Amino acid sequence: MIPQREIFWHISYKGLFYLLAFMSISVFFYGLVRHISVWRAGLRKQKIIFLWGAVKRVFLEGILAGRILRGDLNAGIMHLFIFWGFFLLFLGTLVLAFDHWIFHFLFGTCYLLFSLCLEIAGLILAVGLIWAFVRRYVKKVKRLENKKEDLLLLLWLAIIVVTGFLLEGMRISAQSPSWGIFSFLGFFLRDLFPKHVALDMYPFFWWLHALLSLSFVAAIPFTKMFHVIASPISIYIKDQPAFIIPAEQKQAGQFSYKELIQIDACTKCGRCVEMCPSTSVGEPFAPRDVISALRNQIYFRKDINLPSKLIWYCTTCGACLEVCPVYVPPFEIIRELRSKQIEDGTEVPALMIQTLERLYKYNNPWVSTKKKRADWAKGLDIVDITKQDEKELLCYFVGCTTSYDIRAQEIAKSFSKILKYCDVKFGIFGKKEPCCGDIARRVGEDGLFEEQADLCLDLFQEYGIKEVVVSSPHCLYTMKNEYPCLREEIQNISFFHYSQILEKLIKEKNLVFKKLNMRVTYHDPCYLGRHNKIFDAPRNVIKAIPGVKLVEMEHFRENSLCCGGGGGRMWQEELDIEVRMSERRIMEACDTGAEVLITCCPLCLIMLEDARKSKELENTIKVMDLNEFVLMALKT
Ligand code: SF4
Ligand code: SF4
């Protein structure tokens, strides 16, 4: 007898099966079309561009799970097992349908190999499901949620797999084929079913297996399983050109097509929750919950199910995106939610409202005057670009915090002294310098952001600026990544952070330093590191100073901890919590035994200085800006 399989062996009512299959596929496509129409209603500026790199990424990071494996090997392998087991079984079902309806080729050796492959796929899926169950309900991995849906989906898949193996066992018992061992699990189960029992039970289990499988397919678009479809798309669109739709041309809180796909792609894996600095210091906020609640609201009109003031906890640090296996940026999505609240005037922290009003009137979030903006420069003999004719000057964009905050002013003073020491021709905009708009953008006040950005762009154009160096990584991110979405001409301007200029000066000018004999550590500001990918420049500057030993903290580079000052958190009421993010960070710095904690951002400098005081660490560690440290080391 030639080895092969009779598709509807011992089954009646084939017509009913086809009807159910048709219904299942129809429900699946209805759900899919619903998602696609939501995506299509999202904001978009141009068609999605084809990118080979993105295809490669989908293959490596999505299908081969490269990104999931990174960081949590255990979870990655488990996911690989479930995905590949499920995918191969699904593919096997399609091949069987092709063989049955179009071209019969599954017989003989080909059929035996096919059976063996499906058996292995089933086994892989079973192992993956047991692993998932143990992680979630026995080991109780903290970052995983335990909602009814999670248990239901696991059990659903598990019963499909188990009934599949039982059916094999019954079929082998009833037919006793000589090739039964190729379905080795079913082969071992055959003894559970004497032939007459197998024949009686087979139809019942067949229908149970079929109904569960068909309903599972139908349920995919209505459960978190939809990530199977949305995740590869989210991974693909990651690099699509950024765009900003002017505030007056969109409704507040309207998501882009990209954000809507990303919301659907979330697998609820909880990696973002584990990394989120707000969650980890015990604040009542978790990025995954915002994404889940939003998805429920979009598709099921359920209440957002979390007090909406929670969205103000996000510091926009980007740590969540760094670990998200499918590139969901909760902070971008939260920005849109904030923008809706700003427009409605609901739930916005009172201090934030005052800050935005000040920004609107005085072009800075700190003080109610524009006149004092350049006071820090008094006596330093710094060129005011707006008052002289010389072109080709390096424009030093000081930024609001560095201009007004007494501690942060030291950044501007020391950087200017270093530039002068190196004979760099530079100038500032003095009192005319506006805010770059970062804070307005992060909190969703898009109209105000555009106003501030326009003021900056006009100044750059009026004074023929070609190169800009900024104090704040927040200004750098806004100018480099968001201004080009507003005006294309800006692409002719080069933007730098001062750490990059310092690195260049050390290389080109052969700066001579004193030997310092110090142990120091470095805090990567979120907007310099994660958001702008500048990790090495500040480290190279520190390492260039003889005698200095740079020791890394437990969290560094992409994995760095947020100080808690970004995303508008600097301008919100203090929360009553046990440990602040900045305090957690300074304690980590102390653990290295370093005498000095160096950083490269005015907000980090202020936050870490405050934490040093509140933790009474004044005699243990110093907090310095990179410029202050370099100036201290320069041989004058
Ligand atoms: S946003 Fe990303 S990291 Fe967070 S739960 Fe969803 S998939 Fe996981
Ligand atoms: S950006 Fe930072 S603070 Fe905001 S959700 Fe992500 S990890 Fe949490």
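Modeller: Domain bounds are taken from an automatic or database domain assignment, and for this protein chain that assignment gives domain 1 (14-233), domain 2 (242-257 + 269-347), domain 3 (351-503) and domain 4 (509-633). The model is a predicted one, in which local features need pLDDT of at least 70, side-chain atom pairs count only at pLDDT 80 or more, and totals for chains, interfaces and linings use all residues. Residues are numbered from 1 along each chain as its sequence is written, chains are lettered from A and ligands numbered from 1 in the order in which they are written, and side-chain values use heavy atoms, with hydrogens and water left out.

Biologist: What distance separates the centres of domain 1 and domain 3?

Modeller: Taken over C-alpha atoms, the centres of domain 1 and domain 3 are separated by 55 Å.

Biologist: Which residues lie closest to the centre of the largest cavity, and which elements give two or more residues to its lining?

Modeller: Its lining has 18 residues, with C400, T401, D438, S472 and C475 closest to the centre. Helices (H or I, at least four residues) and strands (E, at least two) are DSSP runs numbered from the N terminus, and α17 (400-404), α19 (438-442), α21 (473-486) and α25 (602-614) each give two or more residues to this lining, with the largest share, 3 residues, coming from α17. Domain 3 and domain 4 each contribute at least three residues to the lining.

Biologist: What is the make-up of that lining by class?

Modeller: Ala, Val, Leu, Ile, Met, Phe, Trp, Tyr, Cys and Pro count as nonpolar, Asp, Glu, Lys and Arg as charged, and the others, Gly among them, as polar. The lining of the largest cavity then has 11 nonpolar, 5 polar and 2 charged residues.

Biologist: Which cavity is the space taken by ligand 1?

Modeller: A molecule sits in a cavity or pocket if more than half of its atoms lie within 2 Å of the grid points, and ligand 1 takes the space of the second largest cavity, whose volume is about 110 Å³. Of the 16 residues lining that cavity, C266, C269, C272, C324 and V328 are closest to its centre, and α13 supplies the largest share of the lining, 3 residues. A residue counts as near a molecule if one of its heavy atoms lies within 4 Å of that molecule; the residues around ligand 1 include K268, R271 and R288, and this shell has 7 nonpolar, 2 polar and 3 charged residues.

Biologist: How do the residues around ligand 2 divide by class?

Modeller: The shell of ligand 2, with C276, C314, C317 and C320 among its residues, divides into 9 nonpolar, 3 polar and no charged.

Methods:
On a 1 Å grid over the protein atoms alone, a cavity is a set of points where a 1.4 Å probe fits but cannot get out, and a pocket is an open set with protein on both sides within 12 Å along at least five of seven lines; lining residues have an atom within 4 Å of a point. Grid points are joined across faces, edges and corners, and a volume is the space filled by probe spheres set on the points.
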